[in-house]
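Dear colleague,

I am passing this structure on to you, and below it I have set out what was found. Please look at the structure first and then read the notes beside it.

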Amino acid sequence: MSGALTVRRLLIDLDAPVARHWCGGDAFSTALLNALSMSFPVGEQFFIDAVRAGVEALPAEKQLHWREEIRGFIGQEATHRRIHQRFNDHLARHGLVDEWTPRVVERQKLFEGTDPRHAIAVTAATEHFTAMMGEWLLAHPDALAGAEPRLQTLWLWHSAEETEHKNAAFDLYRALDGDHAWRVRWFKRITTSFLLDVARQTVANLRRDRTLWRWSTWRSAARLLFGREGLVRSNVGPWRDYLRADFHPTQHESDRSARWLAANAGQYTPVLNAERAAG
Ligand SMILES: [Fe+2]
Ligand SMILES: [Fe+2]
């Protein structure tokens with residue numbers, strides 16, 4: 001299924017400077033999305049390495065099929081990490097410092113030499129978060145209101161592809177006979193570390209931006225996270241679903257990703273050689 005995924009090259013200008021409060025002048029949503037973007041290059045490389053190692057761990061007769069299955073996933077994630085690195089270069093020029101990546105690099109060393117299913121369970125768990133956030137952003141594009149069209153395209157394209165490929169690591173975990181208890185164990189660990197990391201980096205971004213102690217920052221945080229349609233309140237149910245033994249990401253299927261990709265086909269070109277995109 002994943003092998004059929006299209007890898008897309010975005011036709012947006014990422015050389016032009018990015019405004020300090022690029023997300024509609026809102027300091028909090030800018031800081032939060034900047035924090036997430038900082039985690040993507042290192043996180044998405046980990047996913048790529050995890051699924052590649054997972055395929056190597058399969059019986060020889062299954063490897064060819066699975067190499068095809070994950071080709072599109074790898075191509076999409078490789079493209080995301082490259083594009084977000086270019087976006088992150090603008091953030092560094094704003095004086096923001098990525099403190100998240102060095103922590104992730106240290107943690108990733110713990111997986112060296114372990115059963116590859118651990119890294120794939122981590123990947124599947126994190127992919128559940130990216131799929132939830134992607135789906136939320138596609139359902140609430142007004143969260144990006146006031147951002148330049150090229151940056152709206154960047155975030156919604158990534159969101160669309162995250163929901164599009166959300167099955168890939170999960171299915172590979174199952175193909176490797178990964179069990180439910182470990183899947184849930186890693187999901188709970190990732191929930192804690194991901195939420196703490198994103199909170200720490202968002203606060204660090206706001207502090208360097210000198211907007212941490214503004215009333216408008218906290219008001220925006222309350223609305224974006226805990227409002228009736230907010231990121232946290234909307235995702236409690238989808239988060240809990242992952243704990244069920246019979247959960248599969250397709251149970252959260254919607255047509256938002258496909259609709260966005262169809263409506264914005266002029267914003268990208270399909271890359272025919274996914275392996276080349278993966279570098
Ligand atoms: Fe991604
Ligand atoms: Fe992903």
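**Notes on the iron site and its surroundings**

Histidine 80 lies in helix H2 (residues 60–93), where helices are DSSP runs of H or I with at least four residues, numbered from the N terminus. This is a predicted model, in which local features need pLDDT of at least 70 and side-chain atom pairs count only at pLDDT 80 or more, while totals for chains, interfaces and linings use all residues. Residues are numbered from 1 along each chain as written, chains are lettered from A and ligands numbered from 1 in written order, and side-chain values use heavy atoms, without hydrogens and water.

Histidine 80 is buried at 0% relative accessible area (buried means under 20%, with a 1.4 Å probe and protein chains only). Beyond its neighbours within four places in sequence, its contacts (heavy atoms within 4.5 Å) include Glu162 and His165.

Both of those residues also coordinate the iron ion (ligand 2), together with Glu77 and Glu127, at 2.0 to 2.7 Å; donors are N, O and S atoms within 2.8 Å of the metal, or 3.2 Å for Na, K and Ca, and because water is not among the atoms, sites may look incomplete. Glutamate 77 bridges this ion and the iron ion (ligand 1), the two lying 3.7 Å apart. Glutamate 127 is in helix H4 (residues 116–139) and glutamate 162 in helix H5 (residues 149–164), so the pair ties together parts that are 35 residues apart in sequence. Glutamate 127 is buried at 1% relative accessible area, and glutamate 162 is buried at 3%.

With kind regards

Methods
Helices (H or I, at least four residues) and strands (E, at least two) are DSSP runs, numbered from the N terminus. Buried means under 20% relative accessible area, exposed over 50%, partly exposed in between (1.4 Å probe, protein chains only).
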